[in-house]
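Trainee: Could you walk me through how to read burial and aromatic pairing in a model like this?

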Amino acid sequence: GFDFRPSRLKIQKDSCTFTDEFGQTMDEVRGVIVFKQKTRGLWERGSNIPLCSSMDGKTGTTAEGETRNCATCPYNQWGSGTNEAGQPTKGKACKEMRRVFIAQPGAYVPVFISLPPTSLKAFDTYCSARLSRGIADTAAETIFRLIPEKSDAGFSYAVIQCKMGRKLQPQEMLQYIRMRDRVVAAAAKIGITEEDYMQDDEVESEARPADDDQPF
């Protein structure tokens, strides 16, 4: 009698904790990654509705329904961002995020975390390390924590920290592989909102990361 929408776990950058939709706070999140989604969003300050958003990180769709190639879009270039005063910054106007759908132990349905630009390098490094060792997302649990960081200008923010948990048995892996198809369909119905990007613009805009878009 309803369309399933995975619950979002929000990142609390000041306390470095996760909060679910019932207001419960967690120091860590443990579970199996059943789906990863690269997303992008371009917002006008003060608005929760994106001017343009992308569900795959490759093609953006504007509020008017027009499509854009993210790779060549001027808003996805370094130096296109602005601060609260409208002055240009080193960052991008269009923000790249990662939605990570996680099946927690004993749960029937997954939850998801939307990682802001400041956590992308840490998450991509973790996923790349697993891939290089031939460990699929559904082959082992992942433990997510948040660690405090401070930018050169003194802005505080939280960065995701991932480590591998227990390895799964073949029958468990099959269960999560089957779950993935349902999650992909549900994820496609969740539009991009400002909640996907929850860190201070000033932190991400201070400097360009050492490595830009990854090939995977």
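Mentor: Gladly! Buried means under 20% relative accessible area, exposed over 50%, and partly exposed in between, using a 1.4 Å probe and protein chains only. Phe-35 is buried, with a relative accessible area of 13%, and Phe-101, at 0%, counts as buried too. This is a predicted model: local features need pLDDT of at least 70, side-chain atom pairs count only at pLDDT 80 or more, and totals for chains, interfaces and linings use all residues. Residues are numbered from 1 along each chain as its sequence is written, and side-chain values use heavy atoms, leaving out hydrogens and water.

Trainee: How many aromatic pairs does the structure hold?

Mentor: A pair of aromatic rings is described by the distance of the centres and the angle of the planes. Rings of Phe, Tyr and Trp (its six-membered ring) pair if their centres lie within 6.5 Å; planes under 30 degrees apart count as stacked, over 60 as edge-to-face and the rest as tilted. The structure holds two such pairs. One of them joins Phe-35 and Phe-101, with 5.7 Å centre to centre and 35 degrees between the planes, so this pair is tilted.

Trainee: Which strands do Phe-35 and Phe-101 sit in?

Mentor: Strands are DSSP runs of E, at least two residues, numbered from the N terminus. Phe-35 is in strand S4 and Phe-101 in strand S8, 66 residues apart, and the pair links distant parts of the chain.

Trainee: Which residues form one aromatic cluster?

Mentor: Phe-35, Phe-101 and Phe-112 do.

Conventions:
Helix = DSSP H or I, 4+ residues; strand = E, 2+ residues; numbered from the N terminus.
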